[in-house]
Amino acid sequence: LNVHMGSLEDSIRTKLIPALFGDKDVMSDDERALYALPARFGGLAIDNPQIDSQTKFLESVELTGALKLLILSSEREWKVDEAEQKKLKAMIKLRREIEYKKSADELKKGFDSEIRRAMTLAQEKGASALLTVLPLAKYGFAFTSKRDFRDLLRMRYRKRIDRLPSTCVCGATYTLDHSQICLKGGFIHMRHDEPKKLFAESAKEIFHDVEIEPLLEPLTGEVLDKKTAKRNDDARSDVRVRGFWGNKQNAFFEFRVFYPFASSYISKEPSALFQQFASTRKAQYEQRINEVDSGYFTPMIMSSTGSMGPEMYTAVKHLAVLLAEKRKEPYVHVIGLLRCRFSFAMMRAALVCLRGSRSIYRRVKIDSTSLAFEELRLDKVE
């Protein structure tokens with residue numbers, strides 16, 4: 001069976017995958033094996049039929065064995081033990097998961113540190129939404145420009161991206177990594193705006209008192225322990241929701257998005273980075289909000305690849321529970337939709353950082369008297 005799949009695999013390897021990435025780079029065997037993994041393991045879920053077809057055929061034979069016996073015995077009634085079928089499906093799924101994990105771990109050993117980190121980040125929950133959800137435009141899940149889709153794929157696997165400027169307006173060499181951390185143009189500061197607004201709009205569906213960028217109560221002699229604590233009178237939080245955590249008390253949320261491939265973060269695991277930035281935000285806001293505003297504080301930390309920190313994920317899950325109850329929809333559907341919307345917000349922000357113009361705007365003066373008005377008159381058109 002595998003021999004007959006050779007021509008199909010050849011088309012996948014030489015036509016389909018290069019078309020997705022938009023290039024004709026030579027693909028190594030390790031790269032092809034990586035793309036065959038499910039998205040949750042860092043792949044593209046494009047199976048290698050020459051390798052996988054025999055295994056999946058045997059799984060199909062195993063799963064349909066009871067049905068085969070019914071057909072051969074000419075039974076008119078459905079006499080299949082549903083509980084046993086579920087156990088069999090679960091066992092097959094578990095075998096696959098073990099094999100996928102084993103393959104991913106072995107592949108990591110053969111790649112350089114950059115690709116290994118890319119695989120680790122791609123396995124974070126929410127980081128592979130581009131490949132696992134339907135491209136529904138009404139939810140913002142569609143990238144109609146082929147350049148945008150290819151840019152995101154190439155960013156995922158740390159591939160070279162063409163048609164970028166050679167030098168940034170700040171004077172540094174323009175690279176993928178530089179585009180995601182350069183402060184020029186304000187794109188980095190704007191990156192957390194969409195998830196902030198998305199969270200506030202979703203909370204507004206449940207709670208009546210929701211505010212974006214609320215002013216914190218000024219200090220009147222209170223002593224804050226942390227040196228980095230916000231003490232200025234015009235200090236603000238990102239979002240305030242009254243009653244979010246109960247008792248009609250204010251809950252404050254502060255968003256922070258980090259780029260995990262930045263040189264200062266490259267040696268740290270994603271879990272350590274989430275903890276680091278959550279601790280930083282807590283040092284800045286938590287004591288003041290607890291003691292002065294008498295509210296709860298939640299740091300909302302996201303990676304630019306689309307994954308969430310534990311505190312943010314807890315808040316989003318709590319919001320999803322409330323939304324599911326109000327909409328009378330299954331919780332799994334609501335939490336999946338919310339998680340994908342946050343993930344796609346990060347993708348759009350990454351594309352803006354990558355392709356957005358950071359040029360200094362200069363106003364062009366136009367002398368209106370120099371325009372050839374006679375040439376614009378409709379009655380002069382021949």
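Predicted model: local features only at pLDDT ≥ 70, side-chain atom pairs only at ≥ 80, totals over all residues.
**Exercise 1.** Determine how helix 3 and helix 5 are oriented to each other, and which residues make the contact.

*Solution.* 
- Take the axes of helix 3 (residues 49-63) and helix 5 (residues 82-110): they come within 10 Å and cross at roughly 165°.
- Angles over 145 degrees count as roughly antiparallel. Helix 3 and helix 5 are therefore roughly antiparallel to each other.
- The handedness of their crossing is right-handed.
- Helix 3 brings Lys 56, Glu 59, Glu 62 and Leu 63 to the contact. Helix 5 brings Gln 85, Leu 88, Lys 89, Met 91, Ile 92, Arg 95 and Arg 96.
- Sorted by class, this contact has 6 charged, 4 nonpolar and 1 polar residues.

**Exercise 2.** Describe the largest nonpolar core and the surroundings of Phe 253.

*Solution.* 
- The core has 29 residues. Phe 199, Val 239, Val 241, Phe 244, Phe 253, Met 312 and Phe 342 have the most contacts inside it.
- At least two residues each come from helix 11 (193-204), strand 2 (239-242), strand 3 (250-258), strand 4 (296-303), helix 13 (310-327) and helix 14.
- Helix 13 gives the most, with 8 residues.
- Now skip neighbours within four places in sequence. Phe 253 is in contact with residues including Phe 199, Val 239, Trp 245, Met 300 and Ala 315.
- Another core, of 27 residues, lies apart from this one; Ile 17, Ile 115, Cys 340 and Met 347 are among its members.

**Exercise 3.** List the buried residues of helix 8 and find their packing partners.

*Solution.* 
- In helix 8 (residues 146-156), the buried residues are Asp 151, Leu 152, Leu 153, Arg 154, Met 155 and Arg 156.
- They pack against helix 1 (6-21), helix 6 (113-122), helix 7 (129-132), helix 9 (176-179) and helix 14 (331-355).
- Check the backbone just after helix 8: Arg 158 takes a positive phi of about 60°.

Definitions and conventions:
Residues numbered from 1 in each chain as written. Heavy atoms only, no water. Buried < 20%, exposed > 50% of the residue type's maximum accessible area, 1.4 Å probe, protein only. Helix = DSSP H or I, 4+ residues; strand = E, 2+ residues; numbered from the N terminus. Contact = heavy atoms within 4.5 Å. Core = buried A, V, L, I, M, F, W, Y, C linked by side-chain atoms within 4.5 Å. Axes fitted to C-alpha atoms, helices over the stretch in contact; angles between N-to-C directions. Parallel < 35°, antiparallel > 145°, perpendicular 65-115°, else oblique. Left-handed = near helix turned anticlockwise from the far one by under 90°. Nonpolar A, V, L, I, M, F, W, Y, C, P; charged D, E, K, R; others polar.
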